[in-house]
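Hello,

Here is the structure I promised to pass on. Have a look at it first, and then read on for what turned up when I went through its salt bridges.

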Amino acid sequence: MMKSFIHFLFGLFLLGSAGAFAQTKNTLPVSLSGVVTGPDDKPLAGAVVAVQEARIEATTDNEGRFTIQAAPGDVLVIQKNGYLAQTKTVADVTKFRATLPRALTDAGDDDLVPIPFGMRKKREVNMAISTFNTRNLPQIPVATANATFAGRIPGLYAQQTGTAPGLDGAIFQSRGVSTFGPNSLRTLVDGVLRPLNDIDINEIESITVLKDAASLAWYGLRYGSGVVLITTKKGSATRNNIQFDIQGGIQSPEKVIKPLNSYDFASLYNEALVNDGSQPIYDAATLSAYQNGSDAFRFPNNNYTDSFFNKQSASQRYVLSADGGSNNVRYFALLSYFTQEGLFKNAKTDDYDANIGFNRFNFRGNVDFDVNKNLTIGLNVAGRSEGQRQPGNLEAGTLLSTLYNTPPNAFPIQNQDGSFGGTALFQNNPLGLLRNRGYTSFVTRVLMATIDVREKLDFWVPGLSATINYSYDVQGTYVSGLNRDFQVVDASGTVPLVYRNQTPLGYRSAGFGGTLQRNEGWAGLDYDRRFGAHEIKASARAQRNVAYSPTQLDFRGQGLASRVDYSFKDRYYLGFVGGYSGSENFPSGKRYGFFPAVSAGWIVSDEAFIKPNSFLSYLKVRASYGQAGSSDIGGSRFPFEQFFARNTGGGGYNFGTGFSATTSANEVSIANPDITWETLTSLNTGVDFHLFNHALTGSVDYFVNNRTGILTPSAIPSILGRTVVVNQGEVTSKGVDLSLNYDKQIGRVSLSLYGNATVTDDRVISENGQAGLPQYQSTVDRVVGSRLVFVSDGIFQTQAQIDASPKQVLSGRVVPGDIKYKDIGGVNGTPDGIVDNLDRIRVNDRDRPKSFFGFGTAVRYGILDLSVHFQGVASRFIDVQGIVNSGPFNFNQESLNRWTPATASTALYPRLGIQTGPTIPRPPISGWLRAIISGSKTWN
């Protein structure tokens with residue numbers, strides 16, 4: 001595959017240079033002077049004049065004049081923001097004049113907005129669509145572009161899903177949470193469902209978020225939770241460019257829970273034992289030995305994070321790209337290499353390096369051919385080869401758990417004789433896990449190809465064209481590595497005790513896996529025609545997709561899509577879109593659905609009653625309403641079928657007088673013959689505006705989404721032993737998207753300020769399982785993901801307070817230092833003097849934010865630029881119970897803030913305990929962090 005691509009890439013350069021060779025003439029370039037003016041015949045300063053298919057360009061001065069080297073027959077391309085580009089052929093003269101027509105506001109050459117299998121000027125868009133061009137992204141050495149989009153696009157929330165090299169992806173969500181089913185946005189690269197995680201940033205031209213039903217209805221029932229359209233870069237006939245980037249970076253963890261030293265740990269452990277009525281196990285001599293480090297083998301004092309984590313790790317990125325072309329051929333080609341090291345220390349041995357690591361090689365070639373004046377063929381080929389390494393048998397998680405959950409005094413990491421330390425209770429020695437468990441290697445190769453054919457049919461119907469788009473993607477992973485195991489020795493007694501079985505180094509079982517093949521085809525007609533002041537743009541497509549994996553049945557889907565957009569005087573806009581599609585995951589006769597949507601827009605500032613002024617430069621109001629579907633509802637495959645599984649695990653039923661169970665079959669699930677998709681009904685209203693001669697631009701959108709048909713467990717009695725999911729859930733969400741941009745040119749300095757924010761509120765309208773619950777515990781009218789918690793009223797300071805308070809029955813023993821829970825309600829919903837499960841309340845707190853935002857600035861002076869970007873969230877609540885209530889073995893620095901008689905007035909958390917340690921209370925709000933705690937009162 002690599003060799004073939006090198007040949008392909010070489011062909012791109014030949015095609016790109018072919019136009020230049022064909023352009024060779026007997027005439028030599030001469031110095032050409034000219035003037036560029038606007039429609040009012042006034043000179044235009046700052047217009048760029050470039051020789052097509054050559055790296056020659058000039059910029060007009062304040063009087064619109066320019067001088068450039070060009071030969072007769074060359075084509076000059078003249079461009080300026082706010083004006084429509086023009087092309088002029090150089091005649092056998094040394095002077096010429098060009099006039100650029102002024103572009104309508106939001107309808108210039110750079111004001112393009114991708115839509116499903118189409119492109120529109122921003123002025124024409126009535127739907128809730130936000131587009132971000134990657135030329136505004138910083139070029140930084142990161143493995144994935146996902147996280148770099150956070151805070152840059154209104155309505156888009158990006159949350160990182162991992163931190164390990166090669167696994168630091170992110171999920172996208174649009175406008176908050178609108179379902180308690182799956183709700184991540186789908187990523188479409190050049191119109192096809194593909195992951196974004198492993199695309200190099202330099203491959204991407206723009207990212208577009210489809211947020212309302214009018215923009216999503218095209219896909220029918222496929223992507224009702226939202227879509228991120230990724231448009232990759234194309235070549236241009238106006239320039240030829242080669243670029244090579246080298247970047248390096250250092251990554252370091254910002255927030256790491258600090259472990260305790262052995263003295264503090266032993267002291268807290270003693271304290272917890274005493275709190276539980278037991279005797280301390282660490283005497284004064286032992287505590288002193290931990291404190292002064294007199295014997296590191298008998299009294300170890302391990303700092304696992306310092307011993308096994310580097311402060312930082314390095315990443316590198318190398319990118320070679322080229323783009324350009326001629327009138328007939330345009331190309332973009334890219335080769336990139338990225339490598340990232342892990343944070344583990346002391347992972348390298350004489351036989352292998354077990355540190356987490358990641359490297360990736362990307363390639364892309366996008367070519368567009370104008371075969372003749374009617375036929376255009378586009379070919380996009382991309383791929384990647386990536387390698388990932390993990391210690392042991394995918395034991396990075398086990399290693400991290402060991403480092404954070406092993407007491408610092410559990411054992412010496414290495415005994416005096418060099419053997420690995422350990423005990424019967426703690427057999428996972430971190431150094432052994434890192435260096436003596438081998439490693440696992442993953443090599444993944446991916447090839448993605450798309451061909452797009454467009455034939456103009458003007459000879460039949462002016463403005464009509466036919467298109468075919470077909471994609472073929474395939475990927476596979478090869479897993480290999482080395483394997484061995486180690487023994488640990490407990491040398492604390494007179495006779496050493498050995499645990500675990502040591503095995504020699506050998507090859508790990510290798511094989512291929514993760515094979516996936518996906519095909520998708522679209523075919524249809526487009527119509528684009530202007531009749532005086534009227535303009536119609538229409539599209540119709542048929543679609544079919546198949547995904548194949550050797551271990552699963554094929555995933556199939558198909559459908560039809562249509563779209564009609566009408567404009568009058570480039571001022572009034574109407575749009576209709578409809579998608580009719582189906583999925584094999586629904587029962588026969590109920591697999592297809594139709595999802596329509598309408599939209600409208602009005603350029604108010606073009607009306608005669610709006611007098612031209614320097615304050616209001618442009619004003620558009622727009623609205624959309626419609627439906628979209630989501631077949632990604634969760635649950636099992638083919639939920640409308642009744643499935644049984646043969647019991648081969650030794651269980652089954654006993655018949656007759658024998659004691660052996662017979663072979664039997666188990667009912668896996670209960671079929672739901674009426675299962676269907678989720679339906680999103682969306683209303684979006686928005687305003688786009690330009691103020692102060694277009695210096696300040698912005699948009700405001702208000703949306704209301706109602707999602708029905710969400711899967712929720714049925715209300716059938718639990719005596720059946722099985723549950724069935726039904727489409728009876730409903731969620732309503734509403735909110736506001738806001739974006740602002742300010743651009744100012746001050747001499748040679750360009751200043752740009754930007755900001756965006758999204759504020760949402762969602763409520764559960766219907767969800768099964770709420771019958772019999774008191775209203776304050778129901779999920780209805782609460783946010784999606786609300787939590788059921790006990791409410792703290794502080795910490796008991798004295799036994800008198802305990803005696804005077806409602807009886808706490810959540811644990812068998814309540815003493816000073818325990819949480820004082822509020823008596824919320826009893827059987828009748830009123831306080832009954834007892835704190836039990838009826839006193840839990842449901843709160844609108846979750847880990848997904850209700851608001852998110854971003855802002856920043858960019859300053860440019862000549863070839864220098866400086867950019868600063870901030871992004872954040874609000875109303876996100878983190879459950880810290882696993883961190884601060886994590887004893888007894890993994891006490892940490894937070895445990896020092898526990899309650900004691902001496903710290904009663906300042907303690908953040910309750911007393912420590914070994915057997916009956918209480919859960920922590922809800923602490924006071926500190927910034928945007930609040931702990932929401934629920935569950936058991938004891939440690940397991």
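A residue counts as buried when its relative accessible area is under 20%. Aspartate 485 has a relative accessible area of 16%, so this residue is buried. Please keep in mind that the model is predicted.

Across the whole structure, the search gives 41 salt bridges. One of them joins arginine 186 to aspartate 632, with 2.9 Å between the closest N and O atoms. Arginine 186 is in strand 13 (residues 186-189) and aspartate 632 is in the loop between strand 33 (616-630) and strand 34 (643-647), so the pair ties together parts 446 residues apart in sequence. Arginine 186 is partly exposed, at 28% relative accessible area, and aspartate 632 is partly exposed at 28% too.

Then there is the salt bridge between arginine 898 and glutamate 271, at 2.6 Å from N to O. Glutamate 271 lies in helix 3 (residues 262-275) and arginine 898 in the segment after helix 9 (881-884), so the two tie together parts that are 627 residues apart in sequence. Arginine 898 is buried, with a relative accessible area of 16%.

Enjoy exploring!

Best wishes

Definitions and conventions
Residues numbered from 1 in each chain as written. Predicted model: local features only at pLDDT ≥ 70, side-chain atom pairs only at ≥ 80, totals over all residues. Heavy atoms only, no water. Salt bridge = Lys/Arg side-chain N within 4 Å of Asp/Glu carboxyl O. Helix = DSSP H or I, 4+ residues; strand = E, 2+ residues; numbered from the N terminus. Buried < 20%, exposed > 50% of the residue type's maximum accessible area, 1.4 Å probe, protein only.
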